[in-house]
Amino acid sequence: MGIRLLPLLLSVAAGSVPITVDWERVLVTRSAAPSVLVAADPEWTPEGKLSKVAVEGVRSLAAAGADNIRLLNFNIFPEMSVAQFAEGVWNFSRMDDVVVPFLEAVGNASVLFDVESSPAWMWEPHNDTTPRLRPYGPDTCADDERADLPPSTAGFYGNRLRCPHWGDTVVPRDRSWKELATYFSRISDWYTKGGFTLEDGTEHVSGHYYRIAFWEVWNEVNLGREHNMSAHSYLDYYDAQVRAMQNSPGGALSKFGGPSLAGVTVPKVDEWAPLLLDPKNHRPQSTPLDALSFHQYCMCANRTGAGMEQAFEG
């Protein structure tokens, strides 16, 4: 697309100053794309699975040509987002109730896939006599009221717990991050490669061969009620996660992103972006970061109550 060079005039107190803009000289190129979020929130999973309304909404978005439709299967209902509550025991049935309807509805639209939660036993146990990094108490991150869901044999499904895990918020029991990275790699294999095979030869077959455009590595890792990670800790984990997924035989994932920062500010961007975007900081340096993701929360500062929509009628 050709662009003309146009002289611009800047109005100042002493008069007008001519300014010429050279649109043909490219100093740097930025690429940004919006995404739309579908989350495993209580409103969208009233019966322990993705609701019909949510499924139809996803299908309509895809039909309208939406791209980068993001699934966040996160921590409010742990059985939906954790596939290994006990070490050595895999169960994807609850997770499938959320993920499969979404991936079926999305069709050929590109998908950003994010599973945030991880098994408690993969993290260092916390000591309740020591200060926690989270400000919400020793056991939950935000709320622990009962939710209107079917009973659970594991005892967690009916509890609404906003925690990505139930141990230390930062320190994995395997300090190399390999254990956690392998766990998430097997989740990706479950949905993209038909299943996975454990080191002892045990096969777990799903029959799922979905296309996932981007795998987003965790969500809101900078928040205290999530992992509360530093940029350097996240970099170490990100590299381990991507490496595990790339090394998975016949791996179907090619693009990766993160860290889905929440509440982006200039100081926060200065802390995270240069570190993650510089290949020299990654191990190996060829580790791809195809998207640097973030989001903001907008709300009414005075907490206006129900009925405020009437102000905009007519």
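User: Before we get to the sheet, what makes two strands pair?
Analyst: Two strands pair if DSSP finds at least two bridges between them. With that settled, please note that this is a predicted model.

User: Which strands form the open sheet, and in what order?
Analyst: The open sheet consists of 6 strands, in the order β3-β4-β5-β8-β9-β10, and their pairing is parallel. Its edge strands are β3 and β10, each of which pairs on one side only. On average, neighbouring strands of the sheet are turned by 25° against each other, direction ignored.

User: How many bridges join β3 to β4?
Analyst: These two strands, which run parallel, are joined by 4 bridges. For Val36, the bridge partner in β4 is Ile69.

User: And which helix packs on the sheet, touching β8 and β9?
Analyst: That is helix α5, residues 231–247. The direction of α5 makes about 150° with that of β9.

User: Stepping back, how many helices and strands are there in the chain?
Analyst: The chain has 6 helices and 10 strands. It comprises 314 residues, of which 45% count as buried. Among contacts with a separation of 6 or more, 71% come from residues 24 or more positions apart.

User: New topic: how much space lies in the largest pocket?
Analyst: The largest pocket holds about 1100 Å³ of space. It is lined by 39 residues, and the closest to its centre are Ala33, Ser35, Leu292, Ser293 and Phe294.

User: Which element gives the largest share of that lining?
Analyst: Strand β10 does, with 5 residues. Other elements that give two or more residues include β3, β4 and α6. By class, the lining has 22 nonpolar, 10 polar and 7 charged residues.

User: Where are the cis peptide bonds?
Analyst: One joins Gly258 and Pro259, with omega about 0°, and Pro259 is found in strand β9. Another joins Arg283 and Pro284, with omega about -5°. Pro284 is found in the loop between α6 and β10.

User: What about Trp218: is phi positive or negative there?
Analyst: Phi of Trp218 is positive, near 65°, in a residue other than glycine. Trp218 is found in the loop between β8 and α5. Glu220 is found in the loop between β8 and α5 as well, and its phi is near 50°, also a positive value in a residue other than glycine.

User: Why does Trp218 count as buried?
Analyst: Buried means under 20% relative accessible area, and Trp218 has a relative accessibility of 1%, so it counts as buried.

User: And Glu220, buried or exposed?
Analyst: Glu220 is buried, because its relative accessible area is 2%.

Note on methods:
Residues numbered from 1 in each chain as written. Predicted model: local features only at pLDDT ≥ 70, side-chain atom pairs only at ≥ 80, totals over all residues. Heavy atoms only, no water. 1 Å grid on protein atoms, 1.4 Å probe; cavity = no way out; pocket = protein on both sides within 12 Å on 5 of 7 lines; lining within 4 Å. Points joined across faces, edges and corners; volume = space filled by probe spheres on them. Nonpolar A, V, L, I, M, F, W, Y, C, P; charged D, E, K, R; others polar. Axes fitted to C-alpha atoms, helices over the stretch in contact; angles between N-to-C directions. Contact = heavy atoms within 4.5 Å. Buried < 20%, exposed > 50% of the residue type's maximum accessible area, 1.4 Å probe, protein only.
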